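This report describes part of a protein model in plain terms. Please look over the sequence and the structure first.

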Amino acid sequence: MTAHAVAKSFGDNMFEPRVETMPREALRALQTERLSNVLQHAYERVAHYRKAFDTAGIKPSDFRTLSDISRFPFTLKTDLRDNYPFGLFALPREQLIRLHASSGTTGKPTVVGYSQGDLDRWAGLMARSLACGGARPGDVVHNAYGYGLFTGGLGAHYGAERLGCTVVPVSGGGTERQVALMQDFGANVLCATPSYALNIAEVAEAMGADLPKSPLRLGMFGAEPWSSGMRRDIERRLGIQAIDIYGLSEIMGPGVACECCETQNGLHGWEDHFLFEIVDPKTLQPLPMGESGELVITTLTKEALPMIRYRTRDITSLSDEPCRCGRTHVRIMRVTGRDDDMLIIRGVNVYPSQVESVLVGFPGVSPHYQIVLTREGALDTMTVEVERTPDTSGAEADVARKAAEVRHHIKSLIGVTCKVAVRAPGEVPRSQGKAVRVKDLRNKND
Ligand code: DLL
């Protein structure tokens, strides 16, 4: 696409205004047609799907309307692992032009593959997401997502190029150098995980680099949960608007859904390429619009790795309320945690993001934290490690008082009893990519 064509199609700040504002009825018709094809494609080409559909006693031809999807079986991360490395691919490996993989915490990595068409559509959706967040052709995009098997780096890279931006492919790490490059090149947009963006803000402050006065105006942050308190903190410290962007490798990578800069209230999920459902994580029954549960995604246009009813484990809700930006695509509300991130501490369910909400903006405490789980006798114990800000006293009595204050707030706001360890500035590990929020030492001494 020429620069002229990009600029021309850029009415209403949208990359693809016609699809982005498509009436919902038309979107549903398009989804129905595409879903019918993808079910057929998966059944014919992937032994796993054929077996799963046959076991469930359902055929692609049984699908007539969108609600019929609930009769089809779910796909799980373990299905990818069990078919490692290429068993779920619907195209011969020779026809794939890229592989990505995520390491996960246990066992084999999950491997995902893309055809040329898949990569084209991904770049288009990522360009659409960047534009939705407020990036514009001609912007300098500083891309600090990790390049490599992780989908963040290359996903953001090709999307920004497609939009017509100048990409700086810096990847993660070397934070002081990143700050210098952002200043020297006049970065307008920062792509990074929110925890790494915070690390950049902190290093910039220590270097005396005034990023809020620089041309930087926008951050496209995702790949991990972050609280609205964290958003406000990053926005203030970097002098930007911070946009939430969502995606997962199994479905595509970044750019499955993105907030619009007009409202920053829910992420538009691109329904011309994906079908979004919310199911009750226990009964697995579909839940009505607006109710909270597990997000399940079906790809509508993926050639190499079609995913049918993929259980993301991400907990959220959907909204089809009209959005002020004019986009008609459903909004996925902020993902605050994963089903498998949930900690149960002495019977109380706790998500790390709830702890974060208490800590961000807490006087005298910086927003870097880690949750350490240990076992004392039969009881699980949660210790929240926080860091005092450099302007506070490190005297024992002051530190103990601060710990008691934080403990009290966590108890009264989340309902869980925990220990709090207040560390000196810089002692809590900093993130270079996805932050490790929970250190589980419970089975170490078993
Ligand atoms: O994290 C893709 C990505 C890269 C998204 C860059 C956004 C920006 P995975 O490594 O496969 O892919 O991890 C996917 O990360 O199921 C969520 O649990 C979590 N996640 C991703 N985006 C968000 C977000 C990339 N905006 C897993 N908010 C997903 C909360 C997120 N969690």
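In helix α9 of this predicted model, the buried residues are P194, S195, Y196, A197, L198, N199, I200, A201, V203 and A204. That is 10 of the 14 residues, so α9 counts as mostly covered, because a residue is called buried when its relative accessible area is under 20%. The cover over these buried residues includes the helices α8 and α10 and the strands β5, β6 and β18. Helix α9 spans residues 194–207 and reaches 20 Å from its first C-alpha to its last, close to the 20 Å expected at 1.5 Å a residue. Just after α9 comes G208, with a positive phi of about 75 degrees.

**The sheet**

An open sheet is formed by 9 strands, in the order β4-β3-β5-β6-β7-β8-β9-β14-β13, with mixed pairing. Strands β4 and β13 stand at the edges; each has a single partner strand, so one side of each is left without a neighbour in the sheet. Helix α8 packs on this sheet and touches β3, β4 and β5, and its direction makes about 175 degrees with that of β3. Helix α7 lies across β3, β4, β5 and β8, and runs at about 65 degrees to β8.

Strand β3 (residues 140–143) is covered on both faces. V140 and H142 are buried on one side, and V141 and N143 are buried on the other.

| Strand pair | Sense | Bridges |
|---|---|---|
| β3 and β4 | parallel | 3 bridges |
| β3 and β5 | parallel | 3 bridges |

V141 takes part on both sides: its bridge partner in β4 is V167, and V141 stands opposite V189 in β5. Strand β3, helix α7 (residues 151–163) and strand β4 together make a right-handed β-α-β unit.

**A loop residue**

Where is S115 found? S115 is in the loop between β2 and α6. Is S115 buried or exposed? S115 has 4% relative accessibility, and therefore counts as buried. The side chains of S115 and E303 are joined by a polar contact of 2.6 Å. Leaving aside residues up to four places away in sequence, S115 touches L91, Q95, L96, I97, R121, E303 and A304.

How values were computed:
Residues are numbered from 1 along each chain as its sequence is written. This is a predicted model: local features need pLDDT of at least 70, side-chain atom pairs count only at pLDDT 80 or more; totals for chains, interfaces and linings use all residues. Side-chain values use heavy atoms; hydrogens and water are left out. Helices (H or I, at least four residues) and strands (E, at least two) are DSSP runs, numbered from the N terminus. The expected span of a helix is 1.5 Å times one less than its number of residues. Buried means under 20% relative accessible area, exposed over 50%, partly exposed in between (1.4 Å probe, protein chains only). Contact means heavy atoms within 4.5 Å. Two strands pair if DSSP finds at least two bridges between them. A crossover is right-handed if, with the strands pointing away from the viewer, the path from the first strand over the helix to the second runs clockwise. A polar contact is a pair of N or O atoms within 3.5 Å; within protein, one must be able to donate a hydrogen and the other to accept it, and residues adjacent in sequence count only if both atoms are side-chain atoms. Axes are lines fitted to C-alpha atoms, for helices over the stretch in contact, and angles run from 0 to 180 degrees between N-to-C directions.
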